[in-house]
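This briefing is meant for a reader meeting the structure for the first time. Please keep the sequence and the 3D view at hand while going through the points below.

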Amino acid sequence: MQVGPGRPDALVDSEDGIVVHGAEPGAEVEIEARVELGALGWTCRGVFRADARGDVDTGRDPSTGGDYTGVDPFGLFWSANPADRPDKSRLEPLRVHVTATSGAARADASYQRAWTPPDVTVTEIELPGVAGRLHLPGGADRPPVVVVGGSDGGLGGPTTAALLSGHGAAALSLAYWNHSKTPPVLRDIDIEVVGRACDWLRALPGVRDERPAVLGISRGGELAMLAGALMPERVGSVVSMVGSALVWGGFGNGVDDNDTAWRFEGRAVPQMWEYPDDADRGLEDPDLVAAAEIAVERVDGRVLLTSGEDDQIWRSSLLSEYAVRRAARYAATDRVQHVSYPDAGHACSAPPGYAVPIESVHPVAGTVDTLGGTRAGNNAARRDSWRRTLAFLGL
């Protein structure tokens, strides 16, 4: 009996499963994957039935027991309970050791799933006005995408940007706070930082000369929509993952919730007021909401919002829905789409292919945060939203 990856060069988000050959036809086969990402490790297990040729393909065949059931090419990578969310900023490959057992027969294999293909050049960027990490595939005419993160600061969605480059995009993981030569807290951030990044990325050799799309995660979704609405001449389409169509206040050590988060042309952008006893109380004030709404109709491109209906970090489904309501008022419904996922929380914002945490330690606040949804629900949302995002970006 033999076991190994369905495709040796598959990336983390590739929908290729684990394949077993040489089992007894019709026999039960248990497959266990021990997975490592950086310093974090976890183990996932599934139970399968070999076909008439004695083969199992986890991308094709259902698991009937273990840590997950049903057909899921990523099932043996996400379905266990990791102790925390992994540190993905270093882009270490996903290391997999897989064991298949059927009766007395046993087979083992070890391999890796990378974040970028070999033709992608990864470069740390630290220029005046633009900081982050560039993922540039070989060739020409690569569509540009700028990725911005949220309340964790640092590099914006580093693995999201890396995997986008695997689909052909020139992807910049933009840092705008809590990173070298950027502000230490999310306060008084000039939205023009996104415009500068878009201009710089667009001008690079091998990159398509068009306004970059901006993909934002959590608070970054808010920033992405603001950038698209306030700088339509520099920003193309916008993706907001578990973001907000309302503007909120500052964040970080020593920052008050009602400090100014965003500025444009040197002036504070109107934002929601957070009451200390109830963060959502301000949503009951229609005048406050109206002032803090992002003018999504001004985005000179399309807007895709995805959210988890059980998001426990903030109410991303409701906050994203404000964009849909505003688009209806301004005859822009054909350009704004919101997809919300039941049984999913804040963790549904990542690409598929690795561990799905249900709670994690916030890297800035140090709090243990419940993220919402179930592991299976978040994984299903990740798979669907990632497919939609790639199609939306034309990748």
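In which sense do S13 and strand S16 pair, and over how many bridges? In this predicted model, S13 and S16 (residues 262-264) pair in the parallel sense, and 2 bridges join them.

- Within the pairing of S13 with S16, Asp190 is found opposite Arg263 in S16.

**The sheet with S1, S2 and S5**

- Another open sheet has 3 strands in the order S1-S2-S5, and here the pairing is antiparallel.
- Its edge strands are S1 (2-5) and S5 (56-57), each of which pairs on one side only.
- Strand S2 (residues 18-21) runs antiparallel to S5 and is joined to S5 by 2 bridges, with Val20 having Val56 as its bridge partner in S5.

- Strand S3 (residues 28-37) has a covered face made up of Val29, Ile31, Ala33, Val35 and Leu37, whereas its uncovered face carries Glu28, Glu30, Glu32, Arg34 and Glu36.
- S3 pairs with strand S4 (residues 40-49) in the antiparallel sense over 10 bridges, and the bridge partner of Glu28 in S4 is Arg49.
- S3 and S4 form a hairpin with 2 residues between them, and Gly38 in the turn has a positive phi of about 65 degrees.
- S3 is also joined by 7 bridges to strand S7 (residues 94-102), again running antiparallel, and Ala33 stands opposite Val98 in S7.

- His346 lies in the loop between strand S19 (336-341) and strand S20 (359-361).
- The relative accessible area of His346 is 12%, which means that His346 is buried, given that the cut-off for buried is under 20%.
- The side chain of His346 makes a polar contact of 3.0 Å with that of Ser218 and a polar contact of 2.8 Å with that of Asp311.
- Apart from neighbours within four places in sequence, His346 is in contact with Ser218, Val242, Asp311, Ile313, Trp314 and Leu371.

Terms used
Residues numbered from 1 in each chain as written. Predicted model: local features only at pLDDT ≥ 70, side-chain atom pairs only at ≥ 80, totals over all residues. Heavy atoms only, no water. Pairing = 2+ DSSP bridges. Helix = DSSP H or I, 4+ residues; strand = E, 2+ residues; numbered from the N terminus. Buried < 20%, exposed > 50% of the residue type's maximum accessible area, 1.4 Å probe, protein only. Polar contact = N/O pair within 3.5 Å; in protein donor to acceptor, adjacent residues only side chain to side chain. Contact = heavy atoms within 4.5 Å.
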